Amino acid sequence: MGAFVNEINTNTFTVYTLISLIISYSVIVIFYVFASVGIYTLAKRNNFQNKWMAWIPFLQYYVLGKLADRVTIFGSAVKNAGLITAIITFFNFVYNTVFNILVYTEPIKEYFAGNSVEIVVSKGLNIMAVISIFIEIAEIFFIVSLLFAFFRKYNPRYAFLFRSE
């Protein structure tokens with residue numbers, strides 16, 4: 001009977017996990033479409049030649065950078081901030097994909113083979129995880145700087161959300 005209960009719990013967990021994934025990815029896709037429509041519309045209104053880039057996840061930042069014109073970081077103007085942000089974002093995606101493949105390929109094979117799974121991360125992968133943190137900090141920093149410059153251009157009075165009257 002214990003195996004039966006364990007099997008029910010595992011199946012229930014799998015069903016709830018799949019439902020959660022479907023809902024989560026649906027919300028992500030909805031937000032992505034809204035953001036893409038908005039960026040595309042702004043690019044079209046500003047006669048941006050390659051407005052189709054608004055639909056490509058990494059290139060959206062390039063379009064935003066072109067629309068924002070001037071991005072300053074620590075008081076210095078940064079040329080091509082949108083391109084830099086797009087490159088960092090793409091690199092972070094590739095880096096984390098490689099990291100996840102290295103960490104999870106063997107445990108997934110073992111799980112589907114019916115074996116118990118333990119994820120043990122080697123020293124080299126731990127170093128990759130630490131490097132990933134720094135890449136993500138850079139990515140967040142550039143995205144926030146780019147978006148602030150973008151909002152400052154189009155609505156300078158409320159560029160910063162928490163600004164008081």
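Guide: A crossing of two helices is called left-handed if the near helix is turned anticlockwise from the far one by less than a right angle, and right-handed if it is turned clockwise. The model here is predicted, and local features need pLDDT of at least 70, side-chain atom pairs count only at pLDDT 80 or more, while totals for chains, interfaces and linings use all residues. Residues are numbered from 1 along each chain as its sequence is written, and side-chain values use heavy atoms, with hydrogens and water left out.

Visitor: Why are H3 and H4 called roughly antiparallel to each other?

Guide: The axes of helix H3 (residues 81–112) and helix H4 (residues 123–154) cross at roughly 155 degrees and come within 9 Å. Such angles run from 0 to 180 degrees between N-to-C directions, with axes fitted to C-alpha atoms over the stretch in contact, and helices are DSSP runs (H or I, at least four residues) numbered from the N terminus. Angles under 35 degrees count as roughly parallel, over 145 as roughly antiparallel, 65 to 115 as roughly perpendicular and the rest as oblique, and H3 and H4 are therefore roughly antiparallel. H3 passes H4 in a left-handed crossing.

Visitor: Which residues make H3 meet H4?

Guide: Contact means heavy atoms within 4.5 Å, and among the residues that meet are Ile88, Phe91, Tyr95 and Phe99 in H3 and Met128, Ile135, Glu139 and Phe142 in H4. The residues of this contact of H3 with H4 divide into 16 nonpolar, six polar and two charged, where nonpolar covers Ala, Val, Leu, Ile, Met, Phe, Trp, Tyr, Cys and Pro, charged covers Asp, Glu, Lys and Arg, and polar covers the others, Gly among them.

Visitor: What makes H2 roughly antiparallel to H3?

Guide: H2 and H3 pack at an angle of about 165 degrees, with their axes 7 Å apart, and that angle makes H2 roughly antiparallel to H3. Their crossing is right-handed. In this contact Tyr61, Tyr62 and Gly65 in H2 meet Gly82, Leu83, Thr85, Ala86 and Thr89 in H3, and the residues divide into four nonpolar, four polar and no charged.

Visitor: Why are H2 and H4 called oblique to each other?

Guide: H2 and H4 pack at an angle of about 40 degrees, with their axes 9 Å apart, and they are therefore oblique to each other. The crossing of H2 and H4 is left-handed. The residues that make the contact include Leu64 and Leu67 of H2 and Leu147, Phe150 and Lys153 of H4, and the contact divides into 10 nonpolar, one polar and one charged.

Key
Helices (H or I, at least four residues) and strands (E, at least two) are DSSP runs, numbered from the N terminus.
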